[in-house]
Amino acid sequence: MTIGQLARTGFTDASRASELLSHEQFDGLTSDPDFVEEFSVAANPDLAVLQLSRILDLESEESAEGGSTEVAVEAGKIRKSLTEDREFRTRLFHVLGASEALGNYLIRHPEAASVLAQNGEDRDRLSRDELERLFVEAVESCICQDESWEHEASYLRIAYRRRLLALAARDLSGEVAFEDVTAELADLADAVLAACLHLAKATLPNDAAPCRFAIIALGKCGGRELNYISDVDVIFVAEPAQGPDGELVDEYEALQTATQLAKGVMKAANEATAEGTIWEVDPALRPEGKAGALVRTLNSHIGYYERWAQTWEFQALLKARYAAGDKELGDSYVDAMLPFVWSASERDGFVDDVQAMRRRVEGNLPADQADREIKLGPGGLRDVEFSVQLLQLVHGRSDVMVRSPNTLIALNAMSMWGYVGRKDAQELAEAYRFLRTLEHRIQLFRLQRTHTMPTDELALRSIARSMGFFKDPVRELDKAWSKHKQTVRRLHEKIFYRPLLNAVAQLGSDEARLTRDDAIARLNVLGYQDPDGALRNIQALTSGVSRRAQLQKTLLPVLLGWFADSPNPDAGLKSFRRVSEALGTTPWYLRLLRDESETAMRMARILGSSEYVTELLMRAPEAVEMLSSEDQLTPRTHEELRAEIESTTRRHTDPEAAIEAVRAVRRRELFRIASADICGLLEVEQVGEALSAVADVTIEAAVNIAIRAYEERSTVGFPTRFTIIGMGRLGGDEAGYASDADVMFVHDPLEGVDEQEATKAAMWVANETRRLLALPGADLPLEMDADLRPEGKSGALVRTFASYRAYYERWSDPWEAQALLRARYLAGDRELGAEFVEMVNPLRYPPDGLDETTIFEIRKLKARMESERLPRGADPARHLKLGPGGLSDIEWVAQLIQMNHAAKEQNLQLTGTLSVLNNAVEDGLLESQDRDSLVAAWQLASKIRNANVLYTGKPGDQVPTDPRALASTGQMLGYGQGDIMALLEDYRRRTRQARQVTERVFYGWTD
Amino acid sequence: MDKQTEFVLRTIEERDIRFVRLWFTDVLGMLKSVAIAPAELEGAFEEGIGFDGSAVQGFARVSESDMIARPDSSTFQVLPWRGETLGVARMFCDIQLPDGSPSYADPRYVLKRTLEKAANMGFTFYTHPEIEFYLFKQKFKSGFRPVPVDDVGYFDHAPHGGGQDFRRTAITMLESMGISVEFSHHEGGPGQQEIDLRYADALTTADNIMTFRLVVKEVALEQGLQASFMPKPFEEYPGSGMHTHMSLFEGDRNAFYEAGKELQLSNVGRSFIAGLLRYAPEITAVTNQWVNSYKRLAGGHEAPSYVCWGSNNRSALVRVPMYKPHKGNSARVEYRALDSACNPYLAFAMLLSAGLKGIEEDLPLPPGAEDDVWSLSPGERKAMGLEPLPTSLNRAIQAMERSELAAETLGEHVFDFFLRNKRAEWDEYARIVTEYERKKYLPVL
């Protein structure tokens, strides 16, 4: 055959194959053109031909006396079968190409190849008992030759592999269904256990007390759905038996014997011999786990499960099955245990345990492995198994029909009896079979316990071919895998949530039929606090024949899952009902429902997280459309907002109507920012900038409306230049959702205008601006706070530019200069704003920095504030602003650096705290490690502050004390469920570290 | 009602139990107990017993003071010392918040978290404490020097009564509560006893130490005696330490053991010791938490004052005991600074953290010290690079304040409370004028 033909047959290294095939071992074989062609069935033809050449090499082996060895004779038989038995050839190539480990086994034991023969006597599946007989014979053929068991164990391994070879050959050539493969593997495991027990018994001392002894299989072996290679989970149970005198022996002594037997069984299976090991016998699921006694009596088992066992232990018992030893004892064990399993869901804490178990199942998988994993992670095999078991525990209590230790059988039963939709169950079963088969193929290659897809292209190619993908194997496999993963990923929707709808609405004959009580039990387990209310909402959303109801029937199962993962599932569902009722039949809303897109997911997250945003949404439900793209969720720039607002205000002549239109824009923008924030699209700094921009343009619009109103009333026009200076967090572009706007009003009379007259006009405009912004309306009013002005609350609200200058030149305190660090132009006359900033610059950036006395004063002031400013009864450790390491500490560090150095370092002449800290590192004024501590604390405190408003709709300067609010805030910030103190703990750590920096850098304390 | 509740209720009926004590431990290591009547027990299982956390040392600020003690029914145990007629039983509790999530203020949870960290690295942590304490003849009265129950010394056999009987009764009682005792003998000081608990995982051991302290005090009372775990009751006699042997297991294998290595000590074991030494100063405020603890450390005898290790050096902070070569699983290291009055949950968590940190950072083991550190001159100690352990509670607090390891291990809540409380203790002590000062200064100044 030419190299080209070989390549077409499937060889990846055709020239090497050609060279191998030209060696003399292949003489007489390659003459048949079908022979080489046949390699195309192999998953990896290159490997198959290599392994075959090594087998044929054995033929030339000679014994010491010169004759052929036994092995050589067997290899000769293989050569003969290759020409005479087509079926043998096909099956051999299948095995050699898919399993390096079984190939190596054949090289060591060529005689085993006879199981592949067309008429091989042990080619087909044997019953469990036949297998047991076979393995016991293997062990007995050499028992008691020496004490180490080495021989016996090796013989057992050889016999076991031979059966594994027979099974793999049938499996790979597609003769047996998946369910039969896993059941046969479980039979093999039972028989191995029985043989190991036989061996353990044979080596007991003569005077050992007699006992009855049974091995119970759990896990995959218990479910008769075993892998090619996996731990076999077992529990040992024993009872005293009659002694020579006819009396039952002492229980203690019987257990001694039984423990020896158990250890013997484990040793016989686990221990590595020249023939390797079989698999690990793992007794870790026994009562008390690793710390518990290896063997217990039946009563002791019962006592344990009556008293101490945890929910997961009952879940494990679901799969308990007699495997080997005393069958009567084994069966009584299973009979005694099952009642525990089915009453588990009545136990206290069942719901909590299940939630915790669910979180563990879905929990942390290293990200770099997640997409190569077949078993773990969302949408993995473990998730299918766990979910099926969970539903069994919930519904199996009242319905015996769904009780089965086998995943596929249980799933089928649940669909048959109406707990899961029929089609969903079928798809899921298909996906499960596919993923398990994939896992089998990966394991077969080296007979290694693994459930990660290889990354290497060649290995992927063989696996794909072994799965039957011969054309463009790697891509095709990937496609099929993605499809099934997708199915499994939607698992919760299918098996948990969709059936819930049917409890209150009639879907179709193909769907589940859950009773109301079943539905309530299920909703409860899924985390809904008020399952009754939830059911009513589901009913309202799905009743009727409207297109909306139809679409909601499809979408709701998905949404229910998303709500369940949000801080407040019940509120999410209820709000969804409100949105749905408000938006009624608008076409784009129906489109949104139909596509069940990212948009719907964002909506679910928002509705389940934030009262603040839900309320904004209720005022203008059409804003939901904004969730449809990330582009829409990008905050608008200053310029865009200004342009829109200018054209809006121009349309209205009445000031109150005009401001209402402006505030509608503001409302929409707040919704946009908050939604993007909740969906994790914005950093906390970006949120601050976006909120500041919205405040800026809103205030600017209000000023313009006020001036326009003044001009309309007055005959001479507006007689002064008027500007608003932003201060505080708004000045630093760090506003929060509920921040007041800190401002100062400045004006400068036009030439020739009487100053008093001008001040009156400016005062009127300032007050009108404030009034307009504080008007009760559909959104939160925007309060303007001018307390940072000269002389504070007792000073004039509006001053002239000249008066500011005079004041600052004569009277100002260090703290006023410090407050000015965040002053910037905000709205009104831009030029005057710039002049004001110019005027205060030498004040806030003193040319020579601060002298010792001033620094001393500032430190003293800060120390006093720490003890006085805190609201009564507030816990300083939780106060976001004034607590140790809180926002105020960090701001003061930045500000002290600015006042000392900004005159020289231009890059410190900024109003934003974080930019100042970053630039201070650049200027060598702050260690980068210290900056990191400060920034981390600042970010976390700002995030919590924002989250407080989002969750409750009200501002809050504390880490929440109410446990439920704390949990929700934590969840919004990405902390896991079920550990509500984690956020607090993290906050304390960050602020403690920031406080250390403050003490060193701001206060100058040294150790 | 689940089976376990039924079991407990039935036992209470059958054994005529009149009170059930719910136990938990405050941050300073004091056992707290709420007694409830059997009738309330059902509710306690279902919902836990609510209590005001702000009333317990270190548990909560007023704002979140609602806490739940949820009895762990698996720890149900009839208390043996109250006589048969009026039975009393106890259960340990987990401290939770009203939503059922764990409280970070619960010392048991601090240890559990640290054990989990070890588990994530593949280790289980075993400890074995040697607990020393003094027995006195009568109740303590302020101003009177307590009189020890006997006058004999280390390993001496007192001819009758006193410590001998006491130890027998106490051990019987401990065993009846499922706490195994390894060893017991008379210690160095008059009236001083030592009882060693069997090796167990650290959480069980810490629980057992809490029970142990109570049992010892109860038995003493029954015999008309008084027991104390005060670290250093007398200047002239040895203090009461709690030398603790530790080992890490990976599955069934002792991770400290490696055949053929020097002292059969594996790299894991070496780094673990290195971690203990590196972090010893900053964890000392927890392992030795009282003003009085430092008088023991200053006093020589078997108490260490310098950060060093040795294989058979009883003056070293960390000792690697010799053991029979084929007994690899008994490989262990002994930390000798701990005293009997520590909070065992927090102390074990700190030791484990320090050791794990050594493993994580792959710290090299400094050379061992085989000399009696006490007999060296200050110059020699300096030359050998021997750092002292903190010499007072004040120094220990200062070392701990800067410790990220301590904050991480204890959690910010306990870390903060502990430091505040200890600072207050030191400040209070600093203001006290002692008899010593009056005796020394009044006549001459």
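Modeller: In this predicted model, the largest nonpolar core holds 401 residues, and those with the most contacts inside it are A:F135, A:V192, A:I216 and A:V265. Helix α33 (residues 684-713) of chain A supplies the largest share of this core, with 15 residues.

Chain A has 44 helices and ten strands. Of its 1007 residues, 48% count as buried. Among the contacts in chain A with a separation of 6 or more, 70% join residues 24 or more positions apart.

Several helices of chain A show how burial is arranged. Helix α19 (residues 407-416) of chain A is mostly covered, as seven of its ten residues are buried. The buried residues of α19(A) are A:T407, A:L408, A:A410, A:L411, A:A413, A:M414 and A:S415. The elements that cover them include α10 (178-202), α18 (381-395) and α20 of chain A. After α19(A) comes A:G418, with a positive phi near 90°.

Helix α20, one of the elements covering the buried residues of α19(A), spans residues 422-446 of chain A and contains A:L438. A:L438 has 22 C-beta neighbours inside 10 Å and therefore counts as buried, the threshold being 20 or more. Leaving aside neighbours within four places in sequence, A:L438 is in contact with A:I374, A:M467 and A:W481. The C-alpha atom of A:L438 is separated by 8.9 Å from that of A:S466, although the two residues are 28 residues apart along the chain.

A loop of chain A between α21 (457-466) and α22 (473-489) holds A:D472. The phi of A:D472 is near 45°, a positive value in a residue other than glycine. A:D472 counts as exposed because it has 12 C-beta neighbours inside 10 Å, and a residue with 12 or fewer falls in that class.

Just after α32(A), A:G680 takes a positive phi of about 75°.

A pair of helices in chain A may be considered together. The axes of helix α36 (residues 801-810) and helix α38 (residues 830-844) of chain A come within 11 Å and cross at roughly 5°. α36(A) is therefore roughly parallel to α38(A), since angles under 35 degrees are classed in this way. On the α36(A) side, A:F801, A:R805 and A:Y808 take part; they meet A:L832, A:E835, A:F836, A:M839, A:V840 and A:L843 in α38(A).

Chain B has twelve helices and 18 strands, and buried residues make up 46% of its 445 residues. Of the contacts in chain B with a separation of 6 or more, 71% are accounted for by residues 24 or more positions apart. A loop of chain B, between β13 (253-254) and α6 (267-287), contains B:L263. The phi of B:L263 is near 60°, again a positive value in a residue other than glycine. With 18 C-beta neighbours inside 10 Å, B:L263 counts as partly exposed, because that class lies between the limits for exposed and buried residues, 12 or fewer and 20 or more.

Confidence remains to be stated. The mean pLDDT of chain B is 86, and 93% of its residues reach 70 or more. Where pLDDT is low, the predicted coordinates should not be read in detail. For the complex, the predictor gives an ipTM of 0.72 and a pTM of 0.68.

Definitions and conventions
Residues numbered from 1 in each chain as written. Chains lettered and ligands numbered in written order. Predicted model: local features only at pLDDT ≥ 70, side-chain atom pairs only at ≥ 80, totals over all residues. pLDDT = per-residue confidence, 0-100. Helix = DSSP H or I, 4+ residues; strand = E, 2+ residues; numbered from the N terminus. Contact = placed C-beta atoms within 7 Å. Core = buried A, V, L, I, M, F, W, Y, C linked by C-beta atoms within 7 Å. Axes fitted to C-alpha atoms, helices over the stretch in contact; angles between N-to-C directions. Parallel < 35°, antiparallel > 145°, perpendicular 65-115°, else oblique.
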